[in-house]
Amino acid sequence: MPDVTRKILWSVLTAGTALATFSAVPARADDPSADLMARGEYIATAGDCVACHTAPGGKPFAGGLKITTPMGDVVTTNITPDPDHGIGKYTEEDFEKSLRHGIRRDGSRLYPAMPYVSYSGMTDGDVKALYTWFMHGVKPVAETPPVTSLNFPANLRITMGLWNMVATSETPETGDSATFDKLRRGKYLARALEHCGTCHTPRNIMLSEKEDSYLAGASLLGWYAPNITSSKTGGIGNWSEDNLVEYLKTGHVAGLSQAAGPMGEAVEHSTSHLTDDDLHALAAYILQVPAMTDEAEHSPREQFGKPLEEADVRSGELTRIDKLDQMDGAQIYDANCAACHGGNGAGTADHYAPSLFHNSVVGSARPDDLIMAVLNGVDRNAGGVHVHMPAFNQTSDVERLSNAEIASVVNYVTATFGSGDHGVTAEQVEKMGKELPKTP
Amino acid sequence: MPSEQDLSADVVIVGSGVAGSSIANELARAGISVIVLEAGPRVDRQHFVENFRNLENKPSYQGPFPAVPWARHPPDQVTPNDYLHTTGPDAEAYQQVYLRMMGGTTWHWAGCAWRYLPSDFELKTRYGQGRDWALKYDDLEPFYYQAEVMMGVCGPDPKVEDLGSPRKQPYPMDALPISYAAQQFRKLISEKTPYRVVHEPQARNTRPYDSRPTCEGHNNCMPICPIGAMYNGSYSVYHAEAAGAKFVPNAVVYRIERDSANKRVTAVHYYDPDKGSHRVTGKYFVIAAHCIETAKLMLFSADEQSPDGIANSSGHVGRNMMDHTGVQVSFISGDKALWPGRGPLETNVIDNFRDGDWRNERGAYLVHMVDDNQVDLATQLAISKGYVGRELEEQIRYLASHTVRLFSHNEGLADPDNRLTLSKTNKDILGIPHPEVYYKLPEYTVKSCEHTRGLFRDLIGLMHGTDEEWTPGYFPQDHPAGSTIMGTDPKDSVVDGFCRTHDHENLFIASSSVFSSVGTGNITLTVAALALRVADTLKKELAHA
């Protein structure tokens, strides 16, 4: 599959807007029931609407985030209840059509950057709750973000109608989603709301998710959303339900993995706010997704590596570097990584800085996410802990590593703590460094 | 390096430390063209960290920062040190260290970000000692806050712990958590003495701030914060560059050129490492080259028009050298283990002696309980006591967990006889003389230090201390100030209240060299606030030009 077709969607990398609770508007006499509003807000969180419909540093749901697709940039729209700039004039029927079918109030087609193929699985009751909350619980913003302009032929919104004919959509669930049994609820959360497949399922040549490879892993703008099927070698078949719940709640499980980039955002804005019951339902469903073997991963990626045995006393020359020659991978690690991740790679005792061995990102045969984490850093505020690893790219204030230095330290880290030296080159790092988030 | 014809800007700044780089950042953001000339090289953090790891002598603050031959700095706090030559009765008490590097000396500070007290600016008026500044605390308050936001300063809620410097805004970040050692020390002081221990305001992150991580307590702020949680001038350099300012490393300014009336500076001249000379013109000039190097440059620029040096009609350039020359002791507590060394180095201060009526006869001071790892000292002590084998290990553990280190910042006083001059015998490879300082500790400071010794003895008694190790004589604090002193009268001062030189209308100085008194708090935040005020003045004047 051409790499380009995989780069379909991605979440906000740098949306600095931590939106644990959304700004409420004053109560009115004709207010809908508190239960309906609470459910609507919860559905919006589970659907992670804010991730795409808020620009970095912008007002919640006022749109303006630029989403890069192979056909050009899609700019997300204002979905606050402002009548002129937002969706204030939408009836519930209009809202339902755009949410589940990708058809706007004016009849034109939405680009599938909006995951309506997933949201099509939502129940009528949840659509109603979501609509009600957007109309009454979101603060109107009188701003219109820039308009999307795509390349031909995608610039013709009619084309999207044809695309919809070949793309697979979720079948709407019926009944009260709150009463579903565990696996049904989990499936509903995974497929209709959290839209896990949007990133984790590879896409076919038509950019539609390949249903026969559900959650088998895919690239998105430099990051690799890994295989999270139940495969014990390629996926997360060795994780327990509790492991996955902890991951979705905090973004981190010691000895397994941690979230950064788009997944860090998803944890911060969405999954960490789900109820424990929902997290268990979601985890139980994910863990029974049919195993897909992985073309690259042949052993469990979380099981590689061990602590580096360090000598008590440094051997060799105890001298300072008066000549600023390029340092080798071990020295770059020592000077930039060891302070937090330890000379032996074990991380901090409280796991704030994770261990680098027994770490899926380091053990993966694909060094993509490790490179992206070094380039862009990690910033994840979830589960009561604000994790921050600085970026080491050319905008860093802490240390600006060259592409060659990043390649060399990544190769050192995977060789020492992971599945071996993957021979990352400076050119590869340069290419990934260009996949940076764009603000309009 | 820019070609000759590029070397002109609205504002030319000499020095890229916290003062120079923050002015450059403010001006560049306002669309003003800026060139910053830095004598030293540009080096990344990772090289300093790797040097620190390789050094055998970890407490050597200068060790990881190799000087280049064309921009030397003192190799360490020792006499003689072959660069900063000190003479006089208290020569050893003036062994200041500093760095000549892109980003400046804040590469190895402890992040202590004190505001001065309102009284510090009015020492003469209130206590009949020393000199007043040509500005008041309230003039600087907004710039103090701007500096705190720029650096990222954490500190206590004034309603809970009032540090005596009135604030209009809370600290940008919450105060640091208190380490175990500091908790024990606080408890002792509050229960057994009339004094108090306060949170030291710190330019370090207690949450992710400015794209830099939270402090993890690596305990080696000096000589180098390994993760960038503590502010240093290199961040302001990066921010200024992103806004369009131009920084030239390895550019050693050696001459300040004026117009024929000697009223305006027209250019500065610098040597590159091969002694090629370059001329840089501008509308305004700021010397922000550290207290010692600033005075050295102004004296070395003497010519026929100004035979005593630039901006020196008063004869005060190089005079009034001050510091927080203090007292230091370490001892072994006979009480419960403290386990120092968890967290940043300097976080807890006894602040009861920062101000009082007694300042009419003796200087103020503050006391740091230093929270540094004591394994090195404990090991030396245990070996000197003759322990071996298993007992040695046990003793190291015991001593390292029971060591207490206290030191003070005692208030210096402006005395024109404490003077920096150009060395007549020592020159660097560019032919520029080394600095030489005559220093005699003012009686005012000596009395303050005696009072501190008394306090330390009381505290040692309270903690049933043994094995006292007093630093002989006095302890230099690397907070030099006063060499281009501020005042209202051009006859006895070098700059006015806006840090503009009395003699040259477009020449400003941004450095602790303008301080008229040194108070007791670490000097960096006041340096930054004064610099931001210089930037504010320049922005207004250039907007009206």
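This is a predicted model: local features need pLDDT of at least 70, side-chain atom pairs count only at pLDDT 80 or more; totals for chains, interfaces and linings use all residues.
Hi everyone, let's start with chain A. It has 18 helices and eight strands. Of its 440 residues, 55% are buried. If you take the contacts in chain A with a separation of 6 or more, 67% of them join residues 24 or more positions apart.

Now, the cores. As a bit of background, nonpolar side chains in soluble globular proteins tend to be buried together. In this model the largest nonpolar core has 145 residues. Which of them touch the most other members? They are Ile23(B), Leu37(B), Met151(B), Val286(B), Leu406(B) and Phe515(B). The helix that gives the most to this core is α11 of chain B, residues 524–544, with eleven residues.

Let's click on Met151(B) for a moment. Leaving out residues up to four places away in sequence, Met151(B) touches Val18(B), Trp109(B), Ala203(B), Arg212(B), Tyr231(B), Thr524(B), Leu525(B) and Ala528(B). Apart from that core lies another one, of 51 residues, and its members include Tyr119(A), Tyr131(A), Val245(A) and Val253(A).

Helix α10, residues 241–250, and helix α12, residues 276–286, have axes that come within 9 Å and cross at roughly 120°. On the α10(A) side you will find Glu241(A), Asp242(A), Leu244(A), Val245(A), Leu248(A) and Lys249(A), and among their partners in α12(A) are Leu279(A), His280(A) and Ile286(A). By class, this contact has eight nonpolar, one polar and four charged residues.

Staying in chain A, look at helix α13, residues 329–336, and helix α17, residues 403–417. Their axes come within 8 Å and cross at roughly 90°, so α13(A) and α17(A) are roughly perpendicular to each other. Gly329(A), Ala330(A), Ile332(A) and Tyr333(A) make the contact from α13(A), with residues including Tyr412(A), Val413(A) and Phe417(A) from α17(A). Here the count is seven nonpolar, two polar and one charged.

Over in chain B, helix α8, residues 375–384, packs against helix α9, residues 389–402, at an angle of about 135°, with the axes 8 Å apart. That makes α8(B) oblique to α9(B). Which residues of α8(B) and α9(B) meet? Val375(B), Ala378(B), Thr379(B), Leu381(B), Ala382(B) and Ile383(B) in α8(B) meet Leu392(B), Gln395(B), Ile396(B), Leu399(B) and Ala400(B) in α9(B). Nine of the residues in this contact are nonpolar, two are polar and none is charged.

Last stop, the two threonines. Thr76(A) sits in the loop between β2 and α4 of chain A. Is it buried or exposed? Buried, because its relative accessibility is 7%, and the cut-off is under 20%. Lys66(A) is ten residues from Thr76(A) in sequence, and their C-alpha atoms are 6.5 Å apart. Beyond four places in sequence, the residues that Thr76(A) touches include Cys52(A), His53(A) and Pro145(A).

Thr214(B) is in a loop as well, between β6 and α6 of chain B. Its 16% relative accessibility also counts as buried.

Note on methods
Residues are numbered from 1 along each chain as its sequence is written. Chains are lettered from A and ligands numbered from 1 in the order in which they are written. Side-chain values use heavy atoms; hydrogens and water are left out. Axes are lines fitted to C-alpha atoms, for helices over the stretch in contact, and angles run from 0 to 180 degrees between N-to-C directions. Helices (H or I, at least four residues) and strands (E, at least two) are DSSP runs, numbered from the N terminus. Contact means heavy atoms within 4.5 Å. Ala, Val, Leu, Ile, Met, Phe, Trp, Tyr, Cys and Pro count as nonpolar, Asp, Glu, Lys and Arg as charged, and the others, Gly among them, as polar. A nonpolar core is a set of buried Ala, Val, Leu, Ile, Met, Phe, Trp, Tyr and Cys residues joined through side-chain atoms within 4.5 Å. Buried means under 20% relative accessible area, exposed over 50%, partly exposed in between (1.4 Å probe, protein chains only). Angles under 35 degrees count as roughly parallel, over 145 as roughly antiparallel, 65 to 115 as roughly perpendicular and the rest as oblique.
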